[in-house]
Amino acid sequence: MPVMTLIQAINHALHLEMERDKRVVVLGEDVGKAGGVFRTTAGLYEKFGPDRAIDTPLSEDGIMGTAIGMALYGMRPVPEIQFADFIYPAFDQIVNELAMYRHRSGGQFACPLVIRSPCGGGIKGGHCHSQSPEAHFVHTAGLKVVIPSSPYEAKGLLLASIRDDDPVLFLEPKRIYRAVRAEVPEDDYTIPLGKARVAKEGKDVSVFAYGAMLQTALEAAEKAQEEDLDLEVVDLQTLMPLDIETVEASVRKTGRAVVAHEAPRTCGYGAELSALIHERLLLCLEAPVQRVTGFDTPFPYVHEYTYMPDAGRILLGVRKTLEY
């Protein structure tokens, strides 16, 4: 079984699905001849031609409007927004058009479309190339929001997303594009959307994470063993719809929960998850849920590794739940 990076797994999934389904096209800035700013779409232009690996003008709302039209006419477009920070010019197209089509048409029209976009910090991109916008889109009814944490999951989740009949925002944590390697089957497989996975079983505290933060949470779990603490680490994978059953099962087992993410704290995904856990499992909790997050500031260029939670900050959150 070949070993792939996250970016190789995504590229492999795109090749596989474009071979399998002629309705699948990719479009975006530099996704054709250049193969993408991170090389995610490398080789697609040479293999499938300019009609299926389409270079577009620098216009995010144009990319999204074109993709929505393609989807409504029966295609399976996979538009790329080069950095998640630049998704906001297309916000109206996504929130008021894409997400609403099935509901607005009374179920007559679906919009099977996957927006791929690199997100998060850790590559010295500065405040305009490092944001984590997932909360904006989880809040948008009609969208699914997926974020993988490893190459195996990236391939299976992307194939499932492209085959889904409704729109999906597929956020790719670029910090681990080439930093994580794993065995990935060359065969076709999918991972169901809306399912979390227990990345490490434990009994003392549940740590919920996604994307690049999953690796940080696993690092924290390894360090915690030096203090005889056994952390359970859950990779949420799909933020909307959330696999609340897996979340509940983990909290019922440990009685304590920490949510870790890179995005700012206020109204971030951790706030929603914390509220859900308190609403549904209050009598199972031994301590309030702790949030370990980025700060409520613009993403800082010089201090990005201070801004993003590390294993030490996650362990501080863990200790707070234990000392309550």
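**Rings, cover and strands**

Author: Let's start with a group of rings: Phe-38, Phe-83, Phe-86 and Tyr-177 form one aromatic cluster. Before we go on, this is a predicted model, in which local features need pLDDT of at least 70, side-chain atom pairs count only at pLDDT 80 or more, and totals for chains, interfaces and linings use all residues. Residues are numbered from 1 along each chain as its sequence is written, and side-chain values use heavy atoms, with hydrogens and water left out.

Reader: Which rule decides that rings pair, and how many aromatic pairs does it give?

Author: A pair of aromatic rings is described by the distance of the centres and the angle of the planes. Rings of Phe, Tyr and Trp (its six-membered ring) pair if their centres lie within 6.5 Å; planes under 30 degrees apart are stacked, over 60 edge-to-face, and the rest tilted.

Reader: Are Phe-83 and Phe-86 buried or exposed, or something in between?

Author: The general idea is a relative accessible area: buried is under 20%, exposed is over 50%, and partly exposed is in between (1.4 Å probe, protein chains only). Phe-83 has 10% relative accessibility and so counts as buried. Phe-86, at 28%, counts as partly exposed.

Reader: What kind of pair do Tyr-152 and Tyr-189 make?

Author: Their ring centres lie 4.7 Å apart with planes at 15°, so Tyr-152 and Tyr-189 are stacked. The pair links distant parts of the chain, 37 residues apart: Tyr-152 is in helix H7 (residues 151-163), and Tyr-189 is in the loop between strand S8 (181-183) and strand S9 (197-200). The element names come from DSSP runs, numbered from the N terminus, with helices (H or I) of at least four residues and strands (E) of at least two. As for cover, Tyr-152 is partly exposed because its relative accessibility is 32%, while Tyr-189 is buried at 12%.

Reader: Where do charges sit over rings?

Author: The test is that NZ of Lys or CZ of Arg is within 6 Å of the ring centre and within 35 degrees of the ring normal. Arg-104 has its charged end over the ring of Tyr-101, 6.0 Å from the centre. Lys-124 lies over the face of Tyr-301, and there the distance to the ring centre is 5.2 Å.

Reader: Next, strands. Which strands does S2 pair with?

Author: Two strands pair if DSSP finds at least two bridges between them. S2 (residues 24-28) runs parallel to strand S4 (residues 76-80), with 5 bridges, and parallel to strand S3 (residues 53-55), with 3 bridges. On the S4 side, Val-24 stands opposite Arg-76; on the S3 side, Gly-28 has Asp-55 as its bridge partner.

Reader: Which way do the residues of S2 point?

Author: Val-24, Val-26 and Gly-28 point one way from S2, Val-25 and Leu-27 the other way, and all are buried. Strand S10 (residues 205-209) is mostly covered too, with 5 of its 5 residues buried. There, Val-205, Val-207 and Ala-209 point one way, and Ser-206 and Phe-208 the other. S10 pairs in the parallel sense with strand S11 (residues 231-235) over 5 bridges, and Phe-208 stands opposite Val-234 in S11.

Reader: What is Ala-13 in contact with, beyond its neighbours in sequence?

Author: Contact means heavy atoms within 4.5 Å. Leaving aside neighbours within four places in sequence, Ala-13 touches Lys-155, Leu-158 and Leu-159. Ala-13 lies in helix H1 (residues 6-20) and counts as buried because its relative accessibility is 0%. Its C-alpha atom is 8.5 Å from that of Ala-154, 141 residues away along the chain.

Reader: And how does the chain look as a whole?

Author: It has 12 helices and 14 strands, and buried residues make up 59% of its 324 residues. Among contacts between residues at least 6 apart in sequence, 82% join residues at least 24 apart. The C-alpha trace spans about 60 × 45 × 40 Å along its principal axes.
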